[in-house]
Amino acid sequence: QHQKLWNNARITITAGPTREAIDPVRYISNHSSGKMGYALAAAAARTGAQVTLISGPVSLEPPAGVTLIAVETAEQMLAATEETAMDVFIGCAAVSDYRPAEVASQKIKKEQQQGAPSLSLIKNPDVLKTIATSKQPPFCIGFAAETNNLREHALAKLDAKKLKLIVANDVSDKTIGFNSEQNAVTVYWQDGKKAFSAQNKTSLAEALNQLFAEHFFNENK
Ligand code: PMT
């Protein structure tokens, strides 16, 4: 492997799910395991990047040579990202788009409810969009988890979030995507694309890492 591929570039990567509290014992979350983001962090660190990995709650060991910042909520993920994102930002986390409008300070008891309680939600910040549309943004790479119209939705996100690259992930197929060992993706950019067939997340991360570095150094010669 090209040990000096990244030439000490500073890369921040988000991984895993976020957790949005309903009350002290309950939360809203999703099926992200963190495997894809951790594999990317490991690949970048092995190839000469200085990597900060901002991770939601997962059960993985942090890769060697990576600085780990553990967070729970989307707001914490945004704060940690704003503090650390420098040359490259890769948003691989499955950030909860919404959170409960209020967090109950005590466990919500069914005895106190008349019928089923309803949960009112408010919008979370978009970590990737906030970073990518900031004043002097890093080189921003997003993921798009979609169950239909993959290409169209991915290209819309590339545009709306002002990204350099977007990695489109078909999560309707259970053998790839959330919490699977394997993944298959297509990466899109303004005037091109590249497809990666199903393979384990470690080898896919190595291939993506290569592509990301090529695009980054093409822009920052
Ligand atoms: O963790 P694994 O089990 O290995 O699974 C990997 C994965 C399927 C989670 C990963 O490959 C993936 O697709 N991650 C993105 C998941 C996602 O939330 O996609 P999205 O299409 O909802 O979001 C688009 C982009 O905006 C993503 O880069 C996301 O990190 C970012 N985003 C979204 C919402 C939000 N509030 N803030 C964000 O930063």
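Reader: In this predicted model, how many residues has the largest nonpolar core?

Author: In this predicted model, the residues with the most contacts inside the largest nonpolar core are Ile 13, Leu 40, Ala 41, Ala 44 and Val 51. Helix H1 gives the largest share of this core, 9 residues. Nonpolar side chains tend to be buried together in soluble globular proteins. The size of the largest nonpolar core is 56 residues.

Reader: With which residues is Ala 44 in contact, leaving aside its neighbours within four places in sequence?

Author: Ala 44 is among the residues with the most contacts inside the largest nonpolar core. Neighbours within four places in sequence being left aside, its contacts are Trp 6, Ile 11, Ala 49, Val 51 and Asn 209.

Reader: What mean pLDDT does the protein have, and what ipTM does the predictor give the complex?

Author: A pLDDT of 70 or more is reached by 99% of the residues, and the mean pLDDT of the protein is 95. For the complex, the predictor gives a pTM of 0.97 and an ipTM of 0.99.

Reader: Which element gives the largest share of the shell around the ligand?

Author: Of the 29 residues around the ligand, those that come nearest are Ser 33, Met 36, Gly 91, Val 127 and Leu 128. Two or more residues of the shell come from each of helix H1 (35–46), helix H3 (127–132) and strand E9 (139–146). The largest share, 4 residues, belongs to strand E9.

Reader: How many residues of the shell around the ligand are charged?

Author: The shell around the ligand holds 13 nonpolar and 12 polar residues. The charged residues of this shell number 4.

Reader: Is Leu 128 buried or exposed?

Author: Leu 128 is one of the residues that come nearest to the ligand, and its place is in helix H3. Residues up to four places away in sequence not being counted, Leu 128 touches Gly 91, Cys 140, Gly 142 and Lys 161. Arg 26 is 102 residues from Leu 128 in sequence and 26 Å from it in space, C-alpha to C-alpha. Because 26 other C-beta atoms lie within 10 Å of Leu 128, and 20 or more are required, this residue is buried.

Reader: What distance in space, C-alpha to C-alpha, lies between Lys 107 and Leu 5?

Author: Lys 107 has its place in the loop between strand E7 (98–100) and strand E8 (121–123). With 10 other C-beta atoms within 10 Å, Lys 107 is exposed. Its contacts, apart from neighbours within four places in sequence, are Asp 23, Pro 24 and Val 25. Lys 107 and Leu 5 are 102 residues apart in sequence, and their separation in space, C-alpha to C-alpha, is 50 Å.

Reader: Which residue stands opposite Phe 143 in E10?

Author: Strands E9 and E10 pair in the parallel sense over 6 bridges. E10 is mostly covered, with 5 of its 6 residues buried. Within E10, the residue opposite Phe 143 is Val 167.

Reader: How many bridges join E11 to strand E12?

Author: Strand E10 (residues 165–170) runs antiparallel to strand E11 (residues 182–189), and 4 bridges join them; Ile 166 stands opposite Tyr 188 in E11. A hairpin through 2 residues joins E11 to E12. In E12, Lys 194 is the bridge partner of Val 187. E11 and strand E12 (residues 192–200) run antiparallel, and the bridges that join them number 7.

Reader: Which residues are in contact with Ala 184, leaving aside its neighbours within four places in sequence?

Author: The place of Ala 184 is in strand E11. Because 18 C-beta neighbours lie inside 10 Å, Ala 184 counts as partly exposed. Ala 184 and Gln 199 are 15 residues apart in sequence and 6.6 Å apart in space, C-alpha to C-alpha. Neighbours within four places in sequence being left aside, the contacts of Ala 184 are Ile 176, Phe 196, Ser 197 and Ala 198.

Reader: What value has the phi of Asn 149, and what value has the phi of Lys 162?

Author: Most residues other than glycine have a negative phi. Asn 149, in the loop between E9 and helix H4 (150–160), is exposed, with 10 other C-beta atoms within 10 Å. Lys 162, in the loop between H4 and E10, is partly exposed, with 15 other C-beta atoms within 10 Å. Both phi values are positive: that of Asn 149 is near 40°, and that of Lys 162 is about 55°.

Notes. Residues are numbered from 1 along each chain as its sequence is written. This is a predicted model: local features need pLDDT of at least 70, side-chain atom pairs count only at pLDDT 80 or more; totals for chains, interfaces and linings use all residues. A residue is near a molecule or strand if its C-beta atom, placed from the backbone, lies within 6 Å of it. Ala, Val, Leu, Ile, Met, Phe, Trp, Tyr, Cys and Pro count as nonpolar, Asp, Glu, Lys and Arg as charged, and the others, Gly among them, as polar. Two strands pair if DSSP finds at least two bridges between them. pLDDT is the predictor's confidence in each residue, from 0 to 100. A nonpolar core is a set of buried Ala, Val, Leu, Ile, Met, Phe, Trp, Tyr and Cys residues joined through C-beta atoms within 7 Å. A residue is buried if 20 or more other C-beta atoms lie within 10 Å of its own, exposed if 12 or fewer, and partly exposed in between; C-beta atoms are placed from the backbone. Two residues are in contact if their C-beta atoms, placed from the backbone, lie within 7 Å.
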